[in-house]
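Please look over the sequence and the model, then follow the account below.

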Amino acid sequence: MKHLKKDSLEQRTNGNYELQELGVFVHGALASLHALGIAYNLRKKNYGQSLIHLVVMGYDIWAARNHYNEIKEKYNGGLK
């Protein structure tokens with residue numbers, strides 16, 4: 001059985017760059033799905049559910065922005 005080194009994940013992810021990109025994508029996709037949930041629940045007059053979607057969408061936008069800012073700071077604006 002081949003043993004993996006401790007830093008093999010970092011080597012495979014090129015120093016965390018791809019993980020940050022994935023974080024931006026996933027949180028952006030989740031935020032867009034929450035926007036659909038807001039529209040659907042407002043149409044059905046489920047205001048409490050709409051509020052929950054709004055709060056969680058805000059978190060996903062915040063998290064995507066943090067992932068993006070880390071890419072900008074650590075990787076020179078996304079340029080390798």
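In which helix does Ser50 lie? Ser50 is a residue of helix α3. The model in which it is found is a predicted one.

**Overall composition**

The protein chain contains 3 helices and 0 strands. Read from the N terminus, its elements follow the order α-α-α. The chain has 80 residues, of which 22% count as buried. Among contacts between residues at least 6 apart in sequence, 65% join residues at least 24 apart.

**The two helices α2 and α3**

Helix α2 covers residues 17-43, and α3 covers residues 47-74. The table sets out their lengths and spans.

| Helix | Number of residues | Span between end C-alpha atoms | Expected span |
|---|---|---|---|
| α2 | 27 residues | 40 Å | 39 Å |

For α2, the span is close to the value expected at 1.5 Å a residue.

**How the helices pack**

Two packed helices are described by the angle between their axes and by the distance between those axes. The axes of α2 and α3 come within 8 Å and cross at roughly 160°. Because angles over 145 degrees count as roughly antiparallel, α2 is roughly antiparallel to α3. The crossing in which α2 passes α3 is left-handed. The residues of this contact comprise 17 nonpolar, 11 polar and 3 charged.

Which residues of α2 are buried? They are Tyr17, Gln20, Gly23, His27, Ala31, His34, Gly37, Ile38 and Asn41. These buried residues pack against α3. In α3, the buried residues are Ser50, Met57, Asp60, Ala63, Ala64 and Ile71, and they pack against α2.

**Individual positions in α3**

Ser50 has a relative accessible area of 6% and is therefore buried, since buried means under 20%. When its neighbours within four places in sequence are left aside, Ser50 is in contact with Ile38, Asn41 and Leu42. Of these, Ile38 and Asn41 are listed among the buried residues of α2. Ser50 and Ala35 are separated by 15 residues in sequence, and their C-alpha atoms are 9.0 Å apart in space.

Asn66 is also placed in helix α3. Its relative accessibility is 30%, so Asn66 counts as partly exposed; that value falls between the limits of 20% for buried and 50% for exposed. Asn66 and Val24 are 42 residues apart in sequence, with a C-alpha to C-alpha distance of 8.3 Å.

**Residues that follow the helices**

Where does Lys45 lie? Lys45 is located in the loop between α2 and α3. Its phi is near 60°, a positive value in a residue other than glycine. Is Lys45 buried or exposed? Lys45 has a relative accessible area of 59% and is therefore exposed, since exposed means over 50%.

After α3 comes Asn76, whose phi is positive, near 55°.

**Summary**

In this predicted model, α2 and α3 are roughly antiparallel, and the buried residues of α2 pack against α3. Ser50 is buried, Asn66 is partly exposed, and Lys45 is exposed.

Terms used:
Residues are numbered from 1 along each chain as its sequence is written. This is a predicted model: local features need pLDDT of at least 70, side-chain atom pairs count only at pLDDT 80 or more; totals for chains, interfaces and linings use all residues. Side-chain values use heavy atoms; hydrogens and water are left out. Helices (H or I, at least four residues) and strands (E, at least two) are DSSP runs, numbered from the N terminus. The expected span of a helix is 1.5 Å times one less than its number of residues. Buried means under 20% relative accessible area, exposed over 50%, partly exposed in between (1.4 Å probe, protein chains only). Contact means heavy atoms within 4.5 Å. Axes are lines fitted to C-alpha atoms, for helices over the stretch in contact, and angles run from 0 to 180 degrees between N-to-C directions. Angles under 35 degrees count as roughly parallel, over 145 as roughly antiparallel, 65 to 115 as roughly perpendicular and the rest as oblique. A crossing is left-handed if the near helix is turned anticlockwise from the far one by less than a right angle, and right-handed if clockwise. Ala, Val, Leu, Ile, Met, Phe, Trp, Tyr, Cys and Pro count as nonpolar, Asp, Glu, Lys and Arg as charged, and the others, Gly among them, as polar.
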